[in-house]
Amino acid sequence: MGSVALPRSTSASGIARSPARVPIDKPVRHHGTVHIIESRCKECEFCVVFCPEKMLEISDRYTSRGYRPARVKAGKEGDCIACRFCEDVCPEYAIYVVEDQP
Amino acid sequence: MTDEETPASAGGTISAEVTPAPNGDLAALELHPYDHLLRSEALPHIWCQGCGIGTALGALLHGFEHASVPVEKRVIVSGIGCSSRVVYYAKTDAYHTTHGRAIPFATGVKLTNPTLNVVVFAGDGDLFAIGGNHFMHAARRNMDLLVVCINNFNYGMTGGQGGPTTPEGALSTTTPYGNAERPFNLPEFAAAAGASYVARWTTLDVRRLQATFTEALARHGFRFVEVLAPCPVSFGKTNKIGTGAEEMEYYYALEILKSRIESTSHVGTEIVLHRPIVVGKFVDLERETFLDRYARVVAKAKE
Ligand SMILES: Cc1ncc(C[n+]2csc(CCOP(=O)(O)OP(=O)(O)O)c2C)c(N)n1
Ligand code: SF4
Ligand code: SF4
Ligand code: SF4
Ligand SMILES: [Mg+2]
């Protein structure tokens, strides 16, 4: 098994080009805010393992269902590039990202 | 669409074009952007920690939205097994049939009302062991159905027994010294039986899966999508692959894109334990469906 590279799907997906005012070749980084519905989270770690920014972690407390929900690492709140891979891969529909308005 | 044109990063978010999304602040409501596509009152679902079925269902819901299938035209028919439980969580018309009988039931639904977009969603055991004959003949007829198989290489629900997709040598509760049988190669089986559209992805290819479902839902005839999904409590545990995330990474690390191999045939789609797995789109043909041909027979009978 060993270690494997990050999914190709998450490599540069946060980079997009803005339609106006920015020079055409200047990439614009998107930012997002992560929301976690803790009561649904089953601590599967998909979001933690596959987030390209490695900004999520499992918390140290338990929900009433006995799982430790995912959370944003302290100090990493501004790191989200709104790629939404966590949202797409979460099997519990427990995490989503709202893109910050520039 | 080729594999190359469908980067794993393709796709994006669910649009609210087809189904109106709930108004108001999702966070305050403790709602997810998919909630209007789900029977959210039934969540959390029954699937185990690290199971891949939820990820695959999310991709299918994305496909319904992006293929602009109206909500009232969405039907999911399932059999028995963990994978077949999707009908309790997707907000579509749904029918939970008996073990292996999703395809004949779905065939009846489609023939009764051809305007419906009918999806069969079930496990490898359901579709290829007890339901194998139904699969074969629906593909032969080019019946208008999208069949999604969650292949977790075993009977997850009943305790991890080996089945028709368990790789040779793999451990399961019924093959404790290694499976002596060769598994079905599902894309080859589907293609040989006459399917019009055949694709295979792992759950970590979730963006590709979204694009595949979007494309396949808009096609006609018999379409088959195999999803290689982690089952960490049974197959993953017995074969010491690890957690669900590790099992996903494991399959993903083994995959080779169909478009990158030099072969026009389906050679190389076989799943052999610990050997590379070919993924991608294997078949995409426009050809007469059962409904097209049946309409002609009916017209002739009326002459
Ligand atoms: C007629 C009949 N035979 C056997 C069973 C027991 N049974 C329930 S689920 C299942 C296999 C499920 O395997 P699969 O379709 O791969 O689904 P998974 O749970 O792996 O998603 C079996 C054999 C049954 N319910 N009905
Ligand atoms: S959207 Fe999710 S996966 Fe992407 S950077 Fe933000 S937290 Fe990580
Ligand atoms: S992917 Fe979803 S269920 Fe799994 S740890 Fe993250 S938020 Fe929780
Ligand atoms: S037994 Fe396997 S397939 Fe069934 S819910 Fe658990 S992990 Fe998923
Ligand atoms: Mg199975």
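R61(A) is partly exposed, with a relative accessible area of 40% (buried means under 20% relative accessible area, exposed over 50%, partly exposed in between, with a 1.4 Å probe and protein chains only). The model is predicted, so that local features need pLDDT of at least 70 and side-chain atom pairs count only at pLDDT 80 or more, while totals for chains, interfaces and linings use all residues. Residues are numbered from 1 along each chain as its sequence is written, chains are lettered from A in the order in which they are written, and side-chain values use heavy atoms, with hydrogens and water left out.

The side chain of R61(A) forms a salt bridge with that of E38(A) at 2.7 Å, N to O (a salt bridge is a side-chain nitrogen of Lys or Arg within 4 Å of a carboxyl oxygen of Asp or Glu). This pair links distant parts of the chain, 23 residues apart: E38(A) is in the loop between strand 3 (32–36) and helix 1 of chain A, and R61(A) is in the loop between strand 4 (56–58) and strand 5 (70–72) of chain A. Helices (H or I, at least four residues) and strands (E, at least two) are DSSP runs, numbered from the N terminus. E38(A) is also partly exposed, at 28% relative accessible area.

A salt bridge of 3.4 Å, N to O, joins R71(A) and D60(A). R71(A) lies in strand 5 of chain A and D60(A) in the loop between strand 4 and strand 5, so the pair ties together parts eleven residues apart in sequence. R71(A) is partly exposed at 29%, whereas D60(A) is exposed at 61%.

In chain B, R200(B) and E226(B) meet in a salt bridge of 2.7 Å, N to O. Here strand 5 (residues 197–202) of chain B supplies R200(B) and strand 6 (residues 222–228) supplies E226(B), so parts that are 26 residues apart in sequence are tied together. Both partners are buried, R200(B) with a relative accessible area of 0% and E226(B) with 1%. A network of salt bridges links E215(B), R219(B), K281(B) and D284(B). Over all chains, the structure holds 18 salt bridges.

Contact between the chains (heavy atoms within 4.5 Å) takes 31 residues from chain A and 42 residues from chain B. Two salt bridges are found across this interface; R40(A) and D35(B) meet in a salt bridge at 2.6 Å, N to O.
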